[in-house]
Protein chains: 2
Amino acid sequence: MTRFALNRATTKHWPLPDLVRGCAEAGVTGVGLWRDDIAEYGAAPAAELIRDAGLAVTSLCRGGFFTTPGWYDENRRAIDEAAEVGAPALVLVSGGLPPGSRDLNAARAQVAGALADLAPHAAAAGVRLAIEPLHPMFCSDRCVVASLKQALDLAEPHPAAAVGIVVDTYHLWWDDTVWDQIARAGREQRIACFQVADWLTPLPAGVLLGRGLPGTGCVDLRRFREAVDAAGYSGPVEVEVFADDVWSRPGPEVLAEALAGYRDHVA
Amino acid sequence: MTRFALNRATTKHWPLPDLVRGCAEAGVTGVGLWRDDIAEYGAAPAAELIRDAGLAVTSLCRGGFFTTPGWYDENRRAIDEAAEVGAPALVLVSGGLPPGSRDLNAARAQVAGALADLAPHAAAAGVRLAIEPLHPMFCSDRCVVASLKQALDLAEPHPAAAVGIVVDTYHLWWDDTVWDQIARAGREQRIACFQVADWLTPLPAGVLLGRGLPGTGCVDLRRFREAVDAAGYSGPVEVEVFADDVWSRPGPEVLAEALAGYRDHVA
């Protein structure tokens, strides 16, 4: 069970101190944080809380949104926060098309430019930027990086220690080219983060909050875990689920189900 | 304006005789039909109605759903209906994963097998099977064919006259490999149908009925039209929009807007 990590978004309403205690009691050794946590608790206290319980911070979500005004300063701050809290990777969601634009190429070029601007600061801070391709249904409003191949192509100009990618089963499961790209990501040492959620149908309005705990949907999660392993990844497996019905339930119950789902469908 | 065709689903509640008259009055020369129309009016009467108004049937939607029991007979019937109504192409939506399955490879292999079973009958009937890749958000429940490349790979074993593909802007706009694949589709003479709808955010629950009339969303529709033209396609441009707010409005008003959107954003 040691590779299981709980992404904090899965139990959104579980206060961080309780979550940390719950994870420690359940034998979970890693937690993926969000910048909301840092805003609420402060980076140093959050880091101390987690470290004192014997847990590691596996990632910080998130930077990105490079088409939003102020993106540069905001991402510099996010990198600094990741360093302060001891997160090895800062997950980046690129942002969608600027308002009124239909130019995907331009938006993607802007992401490439932003990475070039940020990578040196990230490298200096000891934080790896982790480009997350989101499902193509988010292409217009959240993330113009819509495939693992695009994410790897964007990472390519940069040192692997400074820029990696996220493999998230929810976003990539439909793509028959993903297996080759995971192997490529391994060869290029780019796998910075591996996140797991299941796909449920029908999707809710807005499509953001329709994910399932591992095993509740139709994704062959184990195939993904085996693929990242075969690519040389041996890091944490973060369960990250956004879903109203999961959020409405007690944290300990959700953690127990996430652990059981991980054991039965991922490990 | 001669390439504009109205897919009947765009004005779902406009009775077919009124739609035919409205199209003829607006100078529209092509209509994409659905099997519902044939069920309601009969193939021969529907064909006569359309022909007498000087219109062509540009396509019939739809066959497919190859993981549903009875798919073979149902698709044979759909092919026959397409022939009876004079539709050159039968649009195929493959169907999603079978209930309880997580095996996308198996589902895609089943599609390949179904095409092999149906292509001879289609060829004999003078109807072209047109494989439609749907947006990956439909991969689990409607269509395991999630990219134009997959559709072209599935078409490849068959004569181009028997099996082609559909280029639908709504489903493919996010994919940066689509331009190469459209060029390939042209080289391989596979473009059986070109459908246009725009992408709107946020998506509604279920995500099926969130499309926009041309020009109301973020898709570079003209780039698609130019790409299919450059690939040698000179057939109809079907505007096909599924959306509750479009369906709730009078057919003539929607047709006028579709025509204006086509003129300003596609032609």
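How many strands close into a barrel in chain B, and in what order? Let's find out by walking through this predicted model one selection at a time.

**Stop 1: the barrel.** Select the strands of chain B. You will find that 8 of them close into a barrel, in the order β1-β2-β3-β4-β5-β6-β7-β10, with parallel pairing. Look at how neighbouring strands sit: on average they are turned by 30 degrees against each other, direction ignored.

**Stop 2: one strand pair.** Now pick residues 4–7 of chain B, which form β1, together with residues 30–34, which form β2. These two strands pair in the parallel sense over 3 bridges. To see one such link, click B:A5 and then its bridge partner in β2(B), B:G30.

**Stop 3**

**Stop 4: two helices packing.** Next, select residues 43–52 (α3) and 71–85 (α4) of chain B. Their axes are 8 Å apart and the helices pack at an angle of about 35 degrees, in a right-handed crossing. Show the residues that make the contact: B:A43, B:A44, B:A46 and B:A47 from α3(B), and B:E81, B:E84 and B:V85 from α4(B). By class, 5 of the contact residues are nonpolar and 2 are charged, with no polar ones.

**Stop 5: between the chains.** Finally, bring chain A into view. Here 23 residues of chain A are in contact with 24 residues of chain B.

Terms used: Residues are numbered from 1 along each chain as its sequence is written. Chains are lettered from A and ligands numbered from 1 in the order in which they are written. This is a predicted model: local features need pLDDT of at least 70, side-chain atom pairs count only at pLDDT 80 or more; totals for chains, interfaces and linings use all residues. Two residues are in contact if their C-beta atoms, placed from the backbone, lie within 7 Å. Axes are lines fitted to C-alpha atoms, for helices over the stretch in contact, and angles run from 0 to 180 degrees between N-to-C directions. Helices (H or I, at least four residues) and strands (E, at least two) are DSSP runs, numbered from the N terminus. A crossing is left-handed if the near helix is turned anticlockwise from the far one by less than a right angle, and right-handed if clockwise. Ala, Val, Leu, Ile, Met, Phe, Trp, Tyr, Cys and Pro count as nonpolar, Asp, Glu, Lys and Arg as charged, and the others, Gly among them, as polar. Two strands pair if DSSP finds at least two bridges between them.
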